[in-house]
Structure formats: structure tokens, C-alpha cells
Amino acid sequence: MEGCRAPLLNGWITPFIMGFLLCMSIPLASAKVRRYRWEVTYELQSPDCLEKLVIAINGRTPGPTIMAQQGDTVIVEVKNGLLTENTAIHWHGIRQIGTPWSDGTEGVTQCPILPGETFVYKFVVDRPGTYIYHAHYGMQRSAGLYGSIHVSLPDGISEPFAYDYDRNIVLNDWWHKTTHEQAAGLSSIPFVWVKEPQSLLINGRGWFNCSQAGTAVCNSTNPQCSPFVLTVVPGKTYRLRISSLASLSAFNFEIEGHNMTVVETDGHYVEPFVVKNLNIYSGETYSVLVVADQEPSRNYWAALNVVSRKPDTPTGLAIFNYYPNHPRRRPPTAPPAGPLWNDTEYRLNQSLKIRARRGYVYPPPTTTDRVITLLNTQNRIDGHTRWAVNNISFTLPHTPYLIALKHKLHHTFSQSAPPETYDRANYDIFKQAANPNATYSDAVYRLKFNSTVDIILQNANSMVPNNSETHPWHLHGHDFWVLGHGPGVFDPVNDPLRKYNLVDPIMKNTVAVHPYGWTAIRFVADNPGVWAFHCHIESHFFMGMGIVFEEGVERVGRLPAAIMGCGDSHRLPRH
């Protein structure tokens, strides 16, 4: 299939959703219904050799991969078998066009699924690509409730690149403390940080030194923690769909001795470029092409290293197994160490290389209707350590926003307008804030339907001297154009003129803002609903690093009764 472009109107595209559906109308005719039945339960497992409680789907973590074709309807029946704990599952990267109540965001689009209850998610996967799903309740993602979504093109239509085999790689970091212990520490006075992970997992498998396990059950020969093996045939080309479900860490992924060609990210084709190793941030997905073109008489390491934070976790390892070598045969060399963890320029330059593939460019609107600047800071509120945006630390209301706005329950959350910027002239992003105090709020940003919105993510120093962290921001319900990245303080006059890419910017749903830097994105508010926008680091969002957008709620159809029952929504008729 030739690359299709959205129709132009007065020099820029019509609302993206309409353009894309017009473009892809023929393949969608063969759509099917894909049904899944899941039970979410606690299980004792040993992903890194140390036994602990994990949250599994049908006994597995990572959970089952959802396989579908573009235009299919996916129905997932989720039974909450956690006994004493609520849950909800977010379908990360699926825009939920026409089904905002299936976004799976507790407190935003639905009430949580109560213990013993079953909730049915139903949505259309309207674009091909690599996506993920994960818990969106508390910090359950850290406990193992996550998995992959593969959306392929309809039969008879080809990708704009060739490969022989398609493989899946899910990356994660892993702690031995339960998510309840972690959350309690984050909420305590004095503050107790989660610290660095004990291990890194590749497809749910890692390694921990059992001599350090103390009284915990740890067995280094447990097959559950034997390295993941990716078997390849010499000379063949492999598409690796790499997803980061990390709770904290920024990752660098490398296959010893092999180059990787980046071809897709977050469901959009990339103008191909070659890397020795790939930087990937929590919530991102990439497809890379790898040719098995090295000496075939041995195996090679696939290595996962932490970047952006000073590592205190062993390298995560898998085996890149050349057939017919034994799959458990260890490579004779040391695993790749990856780039320097604090080489921000290296990571920034890789971000700047990501452009939309020629023939698959959806040009952004050339102008914007609204600019919102979000300063990312670490703060204190009444002795508690929090993260904040423009000095506001986000809290979720008891009544989900979608229900409250659709049914005009305005008393259930703040009606004040959240701040659109910060005092750029007097705030020094390179120093600890002189006054770190912030305030709580559950106010929402109200967006005019079909308006074009720019978001400037501005990073700053945390409350630790000489420390600025990488924050991967994820937008629900939309893809956005990544207009640019830059170091230092964003200049609203010169940076849009000199550093914005309006020609072939990549579209994504998750993007990183680098330490002491800025990232600019643009999207069209054309998807009726209420949508979270937040840092995808589990502890940062838990500690208030997020906001919520409302757009066109009056256009949303009748809400399903199944999403109600919490807060003031229990008073609404459920029929």
C-alpha cells in the first residue's frame, strides 16, 4: 500500500481522526471481533529468582498479548480476583474514539472494578502498530499487571519495510517490596523513597543474587527466572517490538554486535535510522529491525541497562540465540554496558532523530490556538514530598471526571482554572526552588473542541541539589506531534522559530522531557471525553505529577452503567 496522507484544508490537515479514517476506509471493511476473558489475581512467582506476590492475568505476567488487525473490535472481559483490592486496566495508545469510558483510567473515565466483579472493555483498534496495556489503579503496574497489544495491517496490505519474523520484547524494572509498602513510604512523613529496582526484567525474566535474599525464598535455578531466549536463524531479519513498562527507570537496550534500524514508534512509522542501542522510556514502544548477520557459531547477549539515573541494578540479560546453537549456551563475552548513564546529550540527540517516515507524514496545524506550559517540579505539601505541575500537585476525585462532567456533578471537583504557565522570568530551573511548597488540586483543563493545543513540558531541578530527572509524559485519548526538544529554558519567541519541526514531526502518545530541558508537543482536541496527561513513572504520578483535559464531553454518548458506583455516581440511575 502506498503511503496515505490526511487531506489538506487551508494548508493544514483536517481533524486528524477524520483524515485518518477517510484514508484507511477500505481496509477497515474486513474488521473482526476479538474476544478475551481474563482473571486478575495475586500469584506467588519468581520473576528474578526471588519469590514474591505478583499481579497476574490468567496466571501470567506479563499478561497475554492482544493480537488484532486494524479496525477490529476488541472485547476484554476482566474479572477482578484480587479479593480485597480494586483494579482497572488502561489500553495505552488506543485512542478510544467513541468509547472514552473504556480508557481504563480509574478516577478519570471509570469507577474501579471491585473485588469479585467483572468489567467488559470494548474498543476499536483503528491503527496498526505496537501498543501496551497496564493497570491504572494505585501502583499495580509495578506488581506485574501489564502486557502487549499488537495491531497488524489487514490481510493483503504490507508494511513499508520487510522482515521475516515478528517478535515481542517487554522491558520492566522489578522491586521486592510490595506496591503497598512502596506507596506507604511515598505517602509517609518522613518520606521513604522506593530506591532503585532490585532487577531488570526482559519478557518477565530477570536475575537476583540469592546470596542477598536474606530470609526470602530465592532459587537461582528456578526456571521462571532463566534468561529469556530469542532464537534467530542466520541471515534472517527480525522485527522486534520493544515496549517499556518500567515503573521508574529509563532504559537502554542493546543486542551485542548487532545494529538496530528504528522503523516504528507508538504506532507511527519512523524514517528509518540505525542505532547501536536504543533509549526507551516508560510507556514508549518501538519496532526495530535486526538482521542475524554475525558469526553464527555462538550466541550473543541482549542487554538492558539503566540510564538517566545512577544505576544500582545489575544489567538485565537475555540470550540472542543463533540456531542451531543450544538456547542456554552463554555468550563467551561480557554483556554490553550501554552508554554513560548521565550522557543527556546522547539521549537528546536520539530523540531528535525520530521523524515521520516519508509517505506517512501527517503535517501538524501550522498554528496553535492555545499554549500551556507545564513546569515539572518536586515539592512539599504539609510535610509530604510530592511532584507538581506549575506548583499544583494532582489528586483524583472520588467521582470520575467523565461521569461528573457528563452529569454536571460540578461539586465533586474544583471548578477553578489550573495555571497555564509559571513565572519563567523569576524561576531558576537549575537550582532547588527557594520555596518548594505546593498545593493540591483536582481541577481540569477545559479545551475548546477541535482546537489546536501546544504543551511545553519544562523540566527543572528537584529538591536534591544538581538533580533533574527524565519524565516520560503520556497523553490518553490522542496522538500528538513532537514539535521539538531542547536544553535549558524554553524560549517562547525564538525556539518555535528555530527548533520546531513542522515538516515531518513524529506522532506519539508518550514522550520524554530530558533533564534541565524542554519538550514541545501539539495535538488537536478532537476526541470527546476526559483524558489524563501524566508522567508515566509510577511513583511520580502517584505523587501528583499529572493533569486532566476535558474536551467535547457534551458530544459523548450515554455512559454505560458499569463505569458508575463510586463517589456521587452511585446516586445516578443505573439502567
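A: A word on the annotation: UniProt positions are given in the numbering used here, feature names are shortened, and annotations may be inferred rather than shown by experiment. With that said, the unreviewed UniProt entry puts "domain: Plastocyanin-like" on residues 40-152, 169-324 and 430-552.

Some ground rules. This is a predicted model, with local features needing pLDDT of at least 70 and side-chain atom pairs counted only at pLDDT 80 or more, while totals for chains, interfaces and linings use all residues. Residues are numbered from 1 along each chain as its sequence is written, and side-chain values use heavy atoms, leaving out hydrogens and water.

Now the pocket. On a 1 Å grid over the protein atoms alone, a pocket is an open set of points where a 1.4 Å probe fits, with protein on both sides within 12 Å along at least five of seven lines; lining residues have an atom within 4 Å of a point. Grid points are joined across faces, edges and corners, and the volume is the space filled by probe spheres set on the points. The largest pocket holds about 520 Å³. It is lined by 26 residues, and Tyr137, Gly138, Met139, Leu396 and Phe542 sit closest to its centre. Two or more lining residues come from each of strand S9 (129-135), helix H2 (179-186), strand S33 (529-535) and helix H6 (538-542). Helices here are DSSP runs of H or I with at least four residues, strands are E runs of at least two, and both are numbered from the N terminus.

What's the lining made of?

Stepping back to the annotated spans, residues 40-152 are 0% helix and 43% strand, with end C-alpha atoms 26 Å apart. For residues 430-552 those figures are 7% helix and 44% strand, and the ends lie 38 Å apart.

Of the 575 residues, 61% are buried, meaning under 20% relative accessible area with a 1.4 Å probe, protein chains only.

Note on methods. Buried < 20%, exposed > 50% of the residue type's maximum accessible area, 1.4 Å probe, protein only.
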